[in-house]
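User: Could you give me a close look at the charged side chains in this one? I'd like to know where they sit and what they pair with, in one connected answer.

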There are 2 protein chains.
Amino acid sequence: MKVQNWRQVKETKPASGVTMRILCGPAEKAPNFVMRHFEFEQGAAMPFHAHPWEHEFFVIEGKGVIRTTGKELPLEKGDSALVMPNEMHSVMNPNKEILRIICLVPLVDGKMPTAPGTK
Amino acid sequence: MKVQNWRQVKETKPASGVTMRILCGPAEKAPNFVMRHFEFEQGAAMPFHAHPWEHEFFVIEGKGVIRTTGKELPLEKGDSALVMPNEMHSVMNPNKEILRIICLVPLVDGKMPTAPGTK
């Protein structure tokens with residue numbers, strides 16, 4: 001069993017204004033899926049993209065927008081979102097308050113998959 | 001894409017004082033893993049048990065305790081926990097404030113697995 005607070009976890013910057021921390025992943029020997037913590041500063045967005053794996057999101061704090069083909073939906077604290085494999089999507093934060101979300105992906109070939117256009 | 005707030009989702013009572021809502025699961029066609037929202041009232045606990053699948057937890061609100069063999073650790077807002085397959089574990093809330101957590105499990109044979117001793 002491993003317990004840790006997200007603030008203790010090393011951060012990376014997958015896109016401008018976006019901070020990612022891997023809470024349960026390959027380093028922790030997660031067997032099937034990876035839990036990541038994201039912070040979006042005001043104006044930050046992940047690129048509009050698709051990939052063969054799903055996302056499961058949960059909004060911890062703040063408000064944002066989730067976009068898919070032909071549709072934009074508001075995201076707020078307590079919302080979950082399921083993005084299906086190969087579904088176009090983007091998350092953005094137009095607000096002053098930080099948007100904090102949990103985003104899960106399955107392991108692909110034993111590794112955490114990386115979205116195209118991100119670091 | 002499906003977006004919903006946890007408060008809109010139908011609840012069940014897997015144990016006394018424990019409320020579960022399935023946010024992303026088989027009904028939403030989640031391909032690999034299931035996101036559930038749990039609330040623990042004061043004094044509520046899940047039974048001390050183990051199963052062949054892992055858990056990934058994230059604490060949204062409140063404080064609690066997570067127990068494994070020979071060890072008890074505090075849980076508080078912002079903590080994640082990875083419980084490995086076949087690892088004995090229990091979560092409890094000794095405090096007045098509601099404990100709210102996200103708990104993920106893999107699909108097993110296409111279904112959400114149910115812990116022994118729970119409903």
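Analyst: Let's start with Arg7(A), which is exposed because its relative accessible area is 57%, and the cut-off for that label is over 50%. Keep in mind that this is a predicted model. Arg7(A) is found in the loop that runs between strand E1 (2-5) and strand E2 (12-15) of chain A. It belongs to a positive surface patch, together with Lys77(A), Arg7(B) and Lys77(B). That patch takes in residues from chain A and from chain B.

Now for an arginine in another setting. Arg21(B) sits in strand E3 (residues 18-24) of chain B. Is Arg21(B) buried or exposed? It's buried, because its relative accessible area comes to 9%, and the limit for buried is under 20%.

What does Arg21(B) touch, once you skip its neighbours within four places in sequence? The contacts are Trp6(B), Val9(B), Lys10(B), Glu11(B), Met35(B), Arg36(B), His37(B) and Glu39(B).

Take Glu11(B) to begin with. Arg21(B) makes a salt bridge to Glu11(B), with 2.8 Å between the closest N and O atoms. Arg21(B) is in strand E3 of chain B and Glu11(B) is in the loop between strand E1 (2-5) and strand E2 (12-15) of chain B, so this bridge ties together parts that are 10 residues apart in sequence. Glu11(B) counts as partly exposed, since its relative accessibility is 37%.

Then there's Glu39(B). Its side chain meets that of Arg21(B) in a salt bridge, 3.0 Å from N to O. Here Arg21(B) in strand E3 of chain B is tied to Glu39(B) in strand E4 of chain B, so the linked parts are 18 residues apart in sequence. Over in chain A, Glu11(A), Arg21(A) and Glu39(A) are joined into one network by salt bridges that share partners. Back in chain B, Glu39(B) counts as buried because its relative accessibility is 16%. From C-alpha to C-alpha, Arg21(B) and Glu39(B) are 8.9 Å apart in space.

How many salt bridges does the structure hold over all chains? The total is eight. One of them is in chain A, where Arg100(A) pairs with Glu61(A) and the closest N and O atoms are 3.4 Å apart. This pair links distant parts of the chain, with Arg100(A) in strand E10 and Glu61(A) in strand E5 (residues 55-61) of chain A, 39 residues apart. Arg100(A) is buried, because its relative accessibility is 6%, whereas Glu61(A) is partly exposed at a relative accessible area of 27%.

While we're on charged residues, a couple of backbone angles deserve a glance too. Most residues other than glycine have a negative phi. Asp109(A), however, has a positive phi near 55° without being a glycine. You'll find Asp109(A) in the segment after strand E10 (99-106) of chain A, and it counts as exposed because its relative accessibility is 77%. In chain B, Lys29(B) has a positive phi as well, about 65°, and isn't a glycine either. Lys29(B) lies in the loop between E3 and strand E4 (33-40) of chain B. With a relative accessibility of 61%, Lys29(B) counts as exposed.

Methods: Residues numbered from 1 in each chain as written. Chains lettered and ligands numbered in written order. Predicted model: local features only at pLDDT ≥ 70, side-chain atom pairs only at ≥ 80, totals over all residues. Heavy atoms only, no water. Patch = residues over 30% accessible without salt bridge, like charges linked within 9 Å, V, L, I, M, F, W, Y side chains within 5 Å. Areas by Shrake-Rupley, 256 points an atom, 1.4 Å probe, with all protein chains shown as cover. Salt bridge = Lys/Arg side-chain N within 4 Å of Asp/Glu carboxyl O. Lys, Arg positive; Asp, Glu negative; His and termini not counted. Charge placed at Lys NZ, Arg CZ, Asp CG, Glu CD. Helix = DSSP H or I, 4+ residues; strand = E, 2+ residues; numbered from the N terminus. Buried < 20%, exposed > 50% of the residue type's maximum accessible area, 1.4 Å probe, protein only. Contact = heavy atoms within 4.5 Å.
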